[in-house]
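Please read the notes below alongside the model.

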Amino acid sequence: MTATTSHEAAAVVRVRIPSPLRSYTGESEVLVAVPVLAPELPPTVSGVLAALNVNYPGIRFRMVDEQGNVRPHIKLFVDSDVTRDLASPIPSGATLMIVAALSGG
Amino acid sequence: MAKSSAATRPAATRRTRLLVATRKGLWTLTSDVARNGWRLAGPQFLGHTIHHAVVDPRNGKTMLMAARTGHLGPTVFRSTDNGRTWKEATRPPAFAADSGRVVDHTFWLTPGHASEPSTWYAGTSPQGLFRSNDGGATWEGVNGFNAHPQRKTWCGGDQDGTPDGAKLHSILVDPRDAAHLYIAMSSGGVFESPDGGEHWWPLNKGVRADFLPENPPPEFGHDPHCVQFAGGLPDRLYQQNHCGIYRLDRPNDVWQDIGANMPKSVGYVGFPIAAHPRDPDTLWVLPMDGTTVWPRTSPGGRPAVYRSRDGGRTWKRQDQGLPKSQSWWTVKRQAMSLDGRDPTGLYFGTTSGEVWASRDEGRSFRSIARHLPEIYSVEATSI
């Protein structure tokens, strides 16, 4: 599931969007193309969120603070693995699931 | 034919609009000409925590709203069509990436000087000061404050401060000088800048800080709850503080205690303070219980507004129409507002989700909305 252009390769990642963020995407699931600069440099969660922000401006800051940390009530899963590390690699064809988890009134 | 603006419309045809920002969204209350009938509209942004929603008095139709949700980070929304549609800021207030600090929420919004129609200021939790020069679309930190080497000393750590987060609020722009600013912080105190925010100094002499050692008197670290200009007299400031009610007449730099004459059974603690739009000697406070463990409810369960007509020397209780017993709500610092009409309307929203209105300068009140979520701010404008 890798799209290729004449200039660079792009990994395509499926991103599952929680309801609090659907005002940005309008969809519960979107595909994001992330540039792959070199085969030994796989895309990262950070790259996926940056690409997502290009398509849906402002969405990243709602999930990641200005110090680059995932906000407290946001969870990220690369396929079935939870991560809070934006440098985590994410292979082309994988799914990034964003979860907004909060309890209380 | 173009519709006339509120500024040009005859006073007899004006109405009042209240922006009611709550913990769960934004509502609007609009009056008839007599301010007798009210229409409630909303919610907008249901589920969003709206700390402040403000109409731009410079054009009467632009609105800014500081919002976040429980899950999502803080942002600012802007409307240029009287709140019908909203667009998110492309760069909301955020601290510098190398600062190590994170904006939890934008708490306070202030339109800039009349000569700078695209300028707005924002105060955040934890304490940060931000400015937009494009009507709220993009925001930059005011580095003269945010990066000031004494800022942390003035404010304490980001974990210090009020129970729901330390805050920068009460951003005041001198109507005679766009560069002359005041800010207040809980905690930190009141500070003044003569040059648009490049330089700052504390302005807290005469203000008690019961939670700090007394000797020597602290220069900063105080807990102002709300500061306002006196109406028509920007050389006078009124302050509702954690430890009293104060007045400052510039160029003097020592605040005078004007809370001492409040009834002892009521006390001098509260969040909001409201200054009459035209009479610099008239102001209102809304006391809360600051005894023992600080319940922060109406003293004795009997809410009342207190009005002074002599700059705080004497106070008169105003409670006609308000509950006489068993009413334990709180009114937060942005939740009391005046519409500036003649006589000025006085409005406040409660933590129990009720909006109270007086169209006769506090002589009588009636409830105009109930059962809303916890109210964080009420801003009244004449339209």
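**Notes on the predicted two-chain model**

1. The largest nonpolar core has 92 residues, and those with the most contacts inside it are B:V20, B:I50, B:M65, B:I183, B:Y347, B:V355 and B:V378. Such a core is a set of buried Ala, Val, Leu, Ile, Met, Phe, Trp, Tyr and Cys residues joined through C-beta atoms within 7 Å. Buried denotes 20 or more other C-beta atoms within 10 Å of a residue's own, exposed 12 or fewer, and partly exposed the range in between, with C-beta atoms placed from the backbone. Another core lies apart from it, with 27 residues, among them A:V15, A:V32, A:Y56 and A:I98.

2. This is a predicted model, in which local features need pLDDT of at least 70 and side-chain atom pairs count only at pLDDT 80 or more, while totals for chains, interfaces and linings use all residues. Residues are numbered from 1 along each chain as its sequence is written, and chains are lettered from A and ligands numbered from 1 in the order in which they are written.

3. Chain A has a mean pLDDT (the predictor's confidence in each residue, from 0 to 100) of 90, and 92% of its residues reach 70 or more. Residues 1-7 of chain A fall below 50, and this stretch has 12 contacts in the model beyond near neighbours in sequence. A contact requires two C-beta atoms, placed from the backbone, to lie within 7 Å. Where pLDDT is low, the predicted coordinates should not be read in detail.

4. Chain A contains 3 helices and 6 strands, in the sequence pattern β-β-α-β-α-α-β-β-β. These are DSSP runs numbered from the N terminus (helices H or I, at least four residues; strands E, at least two). In helix α2 (residues 45-55) of chain A the buried residues are A:V45, A:G47, A:V48, A:L49, A:A51 and A:L52. Their cover includes β2 (9-16), β3 (29-36), α3 (59-63), β4 (74-78), β5 (81-83) and β6 (95-100) of chain A.

5. Chain B has 2 helices and 28 strands. Buried residues account for 51% of its 383 residues, and for 28% of the 105 residues in chain A. The C-alpha trace spans about 50 × 50 × 40 Å along the principal axes in chain B and about 50 × 25 × 25 Å in chain A.

6. One open sheet in chain B has 4 strands in the order β8-β9-β10-β11, with antiparallel pairing; strands pair if DSSP finds at least two bridges between them. β8 (105-111) and β11 (140-141) of chain B are at the edges with a single partner strand each, so one side of each has no neighbour in the sheet. Strand β10 (residues 128-132) of chain B is joined to β11(B) by 2 bridges, and B:F130 stands opposite B:G141.

7. Two residues of chain B can be checked individually. B:I183 is in contact with B:G123, B:L129, B:L168, B:S170, B:I171 and B:F191, leaving aside neighbours within four places in sequence. B:T351 sits in the loop between β25 (346-349) and β26 (355-358) of chain B. Why is B:T351 counted as partly exposed? Because B:T351 has 19 C-beta neighbours inside 10 Å.

8. Between the chains, 15 residues of chain B are in contact with 14 residues of chain A. The chain B side divides into 7 nonpolar, 7 polar and 1 charged. Here Ala, Val, Leu, Ile, Met, Phe, Trp, Tyr, Cys and Pro count as nonpolar, Asp, Glu, Lys and Arg as charged, and the others, Gly among them, as polar.
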